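Morning, everyone. Let me put a structure on the screen, and then I'll walk you through a few parts of it.

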Amino acid sequence: MAAINSVTELTQDGDIAIITLNSPPVNALSANVRDGLFEGFKAAIADDSVKAIVLICAGRTFIAGADISEFGGASKGASLFDVQNMMENSPKAVVAAIHGTALGGGLEVALTAHYRVAVPSAKCGLPEVNLGLLPGAGGTQRLPRIVGAEKALEMMTSGAHVPAKECLAMGLVDAMAEEGKLLEGAVAFARKVLDEKMPLKKVRDRDVVGGSPEVFAAFRKANARKFRGFDAPEANIKCVEASLLPFEEGLKVERTLFMGLMTGAQSAAQRYVFFAERLANKIPDVPEDTAEIPVKKVGIIGAGTMGGGIAMNFLNVGIPVTIVETKQEALDRGLGVIRKNYENTAKRGRLTMEQVEQRMGLLTGTLELEALADSDLVIEAIFENMAVKKEVFGKLDAIVKQGAILASNTSALNIDEIATAVKRPEAVIGLHFFSPANVMRLLEVVRTDHSSNEVIATSMKLAKKIGKVAVLVGVCPGFVGNRMLFQRQNQAQRLVMEGAMPWDVDRVLYDFGFPMGPFAMSDLAGLDIGWNKETSKGETIRDQLCELDRRGQKTGAGYYDYDENRNAIPSPVTEEIIKGFAAKQGLNQRDISDEEILERTIFPMINEGAKILEEGKAIRASDIDIVWINGYGWPVYRGGPMHYADLVGLPKVLERLKQYQNEMGDFFKPSALLEKLVAEGKGFKDLK
Ligand code: 3H9
């Protein structure tokens, strides 16, 4: 026996048939794979010499799900349901052999096998929720029949990839195979099934454990905040509720809800984001095979909040870090904060104390810049002052070995200018982490005029290694993220002067899907960042608030008043101050509609995004979306500002910008690119 089709082989080990899928990169369930599975199982079942069947995958993983790139297209090939029916109703035992990740449709296929065997490094999950979907191939009905309703709710609404050992404990996996010996293990298990005449277990025939109305109500309540705005989590919950019905009825509910999500805007946006995130790694003028600089040792200058957070990223993946400060006290404080962060994680059960010590063991603190001599990557994370940064880079140039990457974490300064301080400008790059740097996923990698391909490629790959989503951007004030944020902040302030209150602006942006609005955010961060009591002249709303010791949440008041539970309450004091300013400037305050608030905060961002593209400071519109989703809380189900603009329609964005320009001036002047796209009837998605 041999090839079934270009991605499927059928071989035999004695009386055990082995169906091997080989469809790189992740064995997704494309039409070809479904055909191969269908024909493979048909042939194996028809062959009298076969007594049991093992399904295994070649390459890095078991089936990682449906082929997302096929969604929305015409259906071709065998249906997944035909494949699953054939497997589940096979008169010969079917064993799924799992390595890598059995995800989504992949796990749903495995759930129609009679048994599942996995290696310890394997993971299983139903991550459809992250694509704005639910498992649409029976997974919502079969998973609860194995792991119970409560676990199923958790798995399906988080999309977590659950380690094999846990799967074994939950009964999702029946047996473990030795790492690297999956095929042998799965074949041996199939033999055991035959020898011991084990039953051909169908998951669909089991009953769901748990799942009282109270369980569902409590789950909804506990997660209301997390699920806010998203359609998919609720649909997943409804499916688990339906799993308490007879199997076929539950399947019908699953199908209806799946189709609703699949044809909706949220899933379209989330699928777009999935591919956009991966596309961001592709740099047209940096070949894929560019040599990487091995990064085995990292140096960080500055043990403050940023430096410490950045260090943790590398320690977490086992890369030693040397952190430099100018004063012992600051160094001790910085190292102490890192330790405390890890210990807090350990208290929450997400690290063992042994792991804490391992990580701290990789960290060295010093007051000597010379200690960075043999670092492969140095990241400067000191305060934003060009002269000081240039001085530091000049010193680094003399100290650090040739071939190393010299990076700045600046969020504002011109890195091309910083690079003039060294004799090797090709080694210089911006690595703009977002605070808290050990938590936030975004990394803006800022290329200068001279950054070498090796330095760029290494930075992008390293980002993935430390769990970040990297986007390559060019040097310009604020780079991509902050440059667009300035536009929103500008209008938030203007709107408040014209009659909207901070809580109106915040509410509109919160309802749009941001975790919080700009004024609530300022209160959280502290209004006194960059404010000085001695020099404050009460010239801005912020100055006056700070002068009243309303410096944000930490002082119990800022733009808002806060109660003892830190609930924000609109403040009459703030309202008075704002009205006073408006009167002084002769502004007539008026009622401002929610629509105007939304347009005036979001459309200038889109316009700025278009300018960034025009200037080549971002490679593609989707890169801008990735920045905003991962660094600024843009709701993923709206796909980022540029995707959102395409949905709203560029003609509308342009028309509104022009109207605001007429009424309020050139702040709203549409970019040439926006004008051009509208004239050509195109969207940002059409840009190549
Ligand atoms: C589903 O199953 C629905 C069913 O319930 C219902 C059916 C009726 N399709 O991430 P990587 C590509 S929904 C197409 O960089 P890693 C990816 O674009 C699906 N392509 O690798 C990339 O391409 P390129 C549920 C896919 O090792 C390449 O593979 N499943 C798919 O860091 C490598 O990807 C999921 O949501 C796919 N399903 O991570 C799982 N998956 O090289 C989605 C990947 O051209 N996938 N590609 O840029 C993942 O989470 C990760 O890819 C995985 C590997 C963990 C598997």
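Start with helix α20, residues 518-525, where Pro518, Phe519, Ala520 and Asp523 are buried. Buried means under 20% relative accessible area, exposed over 50%, and partly exposed in between, with a 1.4 Å probe and protein chains only. Helices here are DSSP runs of H or I with at least four residues, strands are runs of E with at least two, and both are numbered from the N terminus.

Quick word on the source. This is a predicted model, so local features need pLDDT of at least 70, side-chain atom pairs count only at pLDDT 80 or more, and totals for chains, interfaces and linings use all residues. Residues are numbered from 1 along each chain as its sequence is written, and side-chain values use heavy atoms, leaving out hydrogens and water.

Back to α20. What covers its buried residues? The cover includes α18 (481-498), α19 (502-512) and β19 (560-562). Contact here means heavy atoms within 4.5 Å. Just after α20 comes Gly526, with a positive phi of about 105 degrees.

Next, domains. The protein chain splits into domain 1 (2-262), domain 2 (298-474) and domain 3 (521-584). Those bounds come from an automatic or database domain assignment. Taken over C-alpha atoms, the centres of domain 2 and domain 3 are 33 Å apart.

Last, cysteines. How many disulfides does the structure hold? It holds 0. A disulfide is a pair of cysteine sulfur atoms within 2.5 Å. Cys167 is buried, at 0% relative accessibility. For Cys239, the closest cysteine sulfur is also in Cys124, at 20 Å, again too far for a bond. Cys239 is buried, with a relative accessible area of 0%.
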